[in-house]
Amino acid sequence: MTPLEPTPEDRPEGTSQDRPEGNRSLVIGFDLGHGETAVATLWSTADGEPHVEDISRTPSRVHPTVVALCRAADDGWAEDHDTGGTTLVGEPCFTVLPARLARVPEAPPDGLVPGAPEFYMAFKHAGLDARARRATDLFIRQVARELALERTEGVETCGILKIPPGTRLHWVFGVPSGWDEEEFEEYERLLRSAVTGLFPGQSVELVPESRAAMLYAKESEEFRTGDQHLMGAIAGRGTVLVMDMGSLTTDYTFVSGMSELPVADWNSRFGASLIEEELLRRVVADHRDSALLKEALADDPLQRARLEFACRHAKERYFGLSPDQLRLNPGPRRLGGDDVIARSGELIEVSIRLSPPLMDDILDARLDVLGRSWRAAFREAVEGVREKLVKETGKPPDVVLMTGGASRMRFAQEICLDVFEAAEGGTRVLLGVRPEHAIAKGLAIAGRTRRRVEGFLEEVEVFARDRVPAVIGDNLESLGLALGKVTVDGIVDDQVCPAVVRWRDGELRLLTDIAMEVAGKREAYLKSPAGQAKLKEVTRAWYAEVTAVIDREAAAIAHRYGIPTEPLRVSPFGPAATTPRPDVNLQPLLDTLDSILSLVAGWMTTMTAGAALGVISAASQGAAGAGAAAAASNPIGWIIGSIVAAVAVVIGIWMGKDALMKWISNADIAGPLRKLNREKTLLKKIRTQADEDRLEARAAEDFARHFAASHRETIVARLAAAVGSQLTKAAREAALLIDRRTEPAGHPTGSGGRASSA
């Protein structure tokens with residue numbers, strides 16, 4: 001058993017890490033057990049451990065699941081307007097005189113006995129009957145009042161939180177993993193009705209108790225250990241068997257990765273209450289006035305319940321003793337007792353004494369309901385669970401997590417250690433300092449996690465809708481500039497100069513011929529595998545830069561809500577902008593980026609004609625109107641034509657003004673005139689002037705402006721939709737790392753629970 005240091009029970013202040021207060025609500029983790037109940041609270045925006053509430057001033061802050069409805073009287077007690085009496089919960093119920101108990105009225109709901117006392121103990125079970133429904137409703141309503149609405153006069157309370165008016169409450173109840181869908185839904189309706197009857201519009205959520213135990217282990221200070229194997233299993237990267245030992249049942253739930261499955265064959269419908277029942281039987285049988293005591297308990301169920309609770313308390317005190325205490329004083333010791341009043345009024349003193357031999361005898365005694373002893377039945381169940389898991393998964397679980405008040409029984413811990421840790425497989429057994437608080441704390445953590453995830457996803461949705469399009473639009477010209485550079489970079493050397501040489505040699509006649517030659521060659525390059533690869537490369541690099549901005553801003557949102565930031569990256573590329581991340585499906589994004597490149601491809605279809613018109617309009621002011629039309633219909637052709645026109649001006653310096661104007665007017669130039677200058681000198685001058693005038697850079701800038709003006713709306717819409725979809729998906733994946741529940745469509749055992757509000 002991994003040794004753990006206790007942590008303070010004082011309510012932690014916690015920190016909010018600047019989390020938004022708009023979604024702030026008080027989370028109430030309500031572990032309603034068959035024998036014991038614990039309630040833990042924390043603010044959804046605060047860090048730290050949940051605080052276990054002291055409802056009925058119980059030192060352990062674990063309260064017996066018992067509720068009593070008392071008749072109204074003029075004694076100062078507060079009257080419950082819903083029931084017409086005073087409702088008590090927990091240990092104060094055992095102080096009520098039988099005469100003060102309210103009675104079930106005539107014509108009650110089916111299943112309730114008219115005139116029976118309104119006293120209910122240990123009433124949680126699957127398949128709710130009328131008694132369980134009545135008791136659950138009374139119990140939850142009164143605990144809710146004690147927590148948030150009022151204080152019952154005459155009942156001391158300590159450590160109860162004070163809830164400001166208007167506070168949003170989020171109630172999280174545990175449900176056994178082994179309950180089926182029908183049992184779950186019936187229980188959910190009952191709980192929601194009880195809570196929203198007092199707090200209309202507040203939310204109610206049910207979470208499997210095994211999931212709560214996992215969250216408790218994952219986030220509790222008690223399990224902060226350097227053993228990465230253990231923490232990895234708890235965090236969902238391994239397998240965990242959650243063993244929740246309660247008063248009525250012992251539930252076994254196998255958790256692997258994203259799924260959790262009750263080990264149905266061994267979710268035993270027996271719990272630790274059978275031990276205290278056997279103790280009660282022996283106490284009565286061994287009493288000197290056994291017959292009188294039996295008669296008194298048979299006549300008065302309240303006194304029997306009180307004595308049964310005293311036996312439970314004695315059992316808990318016994319298992320709270322250290323091995324050294326038992327070794328040094330192995331004899332019987334008084335661990336509890338009560339006074340029982342006989343029918344005649346005679347007072348019967350009952351003392352409950354326990355010793356190691358007596359407890360061993362109780363644990364090893366054959367129980368009719370089990371057909372064997374409690375200890376033997378528990379060992380058989382634990383061994384059966386291990387064998388079943390090894391058979392179905394090939395290996396034992398990485399971790400066994402023991403929770404529930406009954407897990408404090410030392411012999412149960414020893415059996416688990418013997419079956420799991422002593423066997424092959426390397427299983428570790430974990431038990432928290434206060435396992436009786438584990439489920440309540442885990443439920444509160446589950447509610448906080450749910451609230452954080454909801455707030456996070458809401459903010460991501462707004463971010464994807466509003467901010468993502470703005471980021472894309474603000475950076476669109478840089479994409480245009482990158483594409484423009486690919487379109488015109490090297491055009492003077494690679495296409496213009498060779499075309500000028502061909503014109504000089506008489507292979508091309510007109511200035512427009514040069515422009516069309518340049519455009520045709522450039523179009524061929526851009527459509528070639530090398531050109532397409534370059535266009536895709538710069539598009540991906542631009543996308544990586546834009547999504548890096550989105551990643552940073554999305555990570556800031558995740559940080560505020562305590563959500564892991566790594567899965568929130570929307571960039572599908574690794575450190576190199578063209579290296580795909582193996583965890584991302586690139587196809588949807590590549591389809592979107594290719595659709596952007598198709599816009600450029602559309603400009604290429606009339607590129608040659610556009611270049612012819614562009615060179616004339618750029619070189620001659622008389623064709624300015626035509627040039628504007630060319631620029632609008634085919635910006636690439638027009639830009640190439642402008643480059644050629646600028647080169648023509650350079651050539652014109654050597655040819656003279658008249659020859660230049662003739663050339664611009666689509667007239668042929670005589671061969672000797674074309675060769676006034678040596679080829680090498682002419683090309684050098686063209687290249688020098690192109691560099692000085694920044695011809696290619698200015699052309700790329702022209703492309704960027706045209707590109708942004710023409711396609712802003714289309715590109716922003718397409719990319720924002722693709723990025724927004726990817727971001728939303730990534731946000732949900734990131735949220736799953738701290739809350740593996742999804743919006744369920746049925747029984748929550750596999751999905752982890754669901755929330756509802758009235």
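Predicted model: local features only at pLDDT ≥ 70, side-chain atom pairs only at ≥ 80, totals over all residues.
The chain has 758 residues, and 55% of them are buried. DSSP runs give 24 helices and 19 strands. Now take contacts between residues with a separation of 6 or more. Of these, 72% join residues 24 or more positions apart.

On to the first stop, strand 2. Please find residues 36-43. How many of the eight residues of strand 2 are buried? Seven. Buried here means under 20% relative accessible area. So strand 2 is largely enclosed by the rest of the structure, with seven of its eight residues buried.

Which strands pair with strand 2? Begin with strand 1, residues 26-32. The two run antiparallel and share seven bridges. Look for Val27: its bridge partner in strand 2 is Leu42. Three residues lie between strand 1 and strand 2, and the two strands form a hairpin.

Strand 3 is next, residues 51-52. It pairs with strand 2 through two bridges, again in the antiparallel sense. Here Thr41 stands opposite His51.

Then comes strand 4, residues 63-64. Two bridges tie strand 4 to strand 2, and the pair is antiparallel. The residues to look for are Thr37 and, in strand 4, its bridge partner His63.

While we are on strands, one general point. In a regular strand, side chains alternate between the two faces of the sheet.

Zoom in on strand 5, residues 66-71. Three bridges link strand 5 with strand 7, antiparallel. To find the place, go to Ala68, which stands opposite Phe119 in strand 7.

Third stop, the cysteines. A quick reminder: a disulfide is a covalent bond between the sulfur atoms of two cysteines. The nearest cysteine sulfur belongs to Cys93, and it is 7.3 Å away. The cut-off for a disulfide is 2.5 Å. Cys70 is in no disulfide.

Is Cys70 buried or exposed? Its relative accessibility is 0%, so Cys70 counts as buried. Cys497 has a relative accessible area of 2%, so Cys497 is buried too.

Last stop, two helices. Helix 10 covers residues 374-393, and helix 11 covers residues 410-421. Their axes come within 10 Å and cross at roughly 35 degrees. The crossing is right-handed.

Who meets whom? From helix 10, the residues in contact are Trp374, Arg375, Phe378, Arg379, Val382, Glu383 and Arg386. From helix 11, they are Phe411, Ala412, Ile415, Cys416, Asp418, Val419 and Phe420. By class, this contact has nine nonpolar residues, five charged and no polar.

To recap. Strand 2 is largely enclosed, with seven of eight residues buried. Thanks, over to you.

How values were computed
Residues numbered from 1 in each chain as written. Heavy atoms only, no water. Axes fitted to C-alpha atoms, helices over the stretch in contact; angles between N-to-C directions. Helix = DSSP H or I, 4+ residues; strand = E, 2+ residues; numbered from the N terminus. Left-handed = near helix turned anticlockwise from the far one by under 90°. Contact = heavy atoms within 4.5 Å. Nonpolar A, V, L, I, M, F, W, Y, C, P; charged D, E, K, R; others polar. Pairing = 2+ DSSP bridges. Buried < 20%, exposed > 50% of the residue type's maximum accessible area, 1.4 Å probe, protein only.
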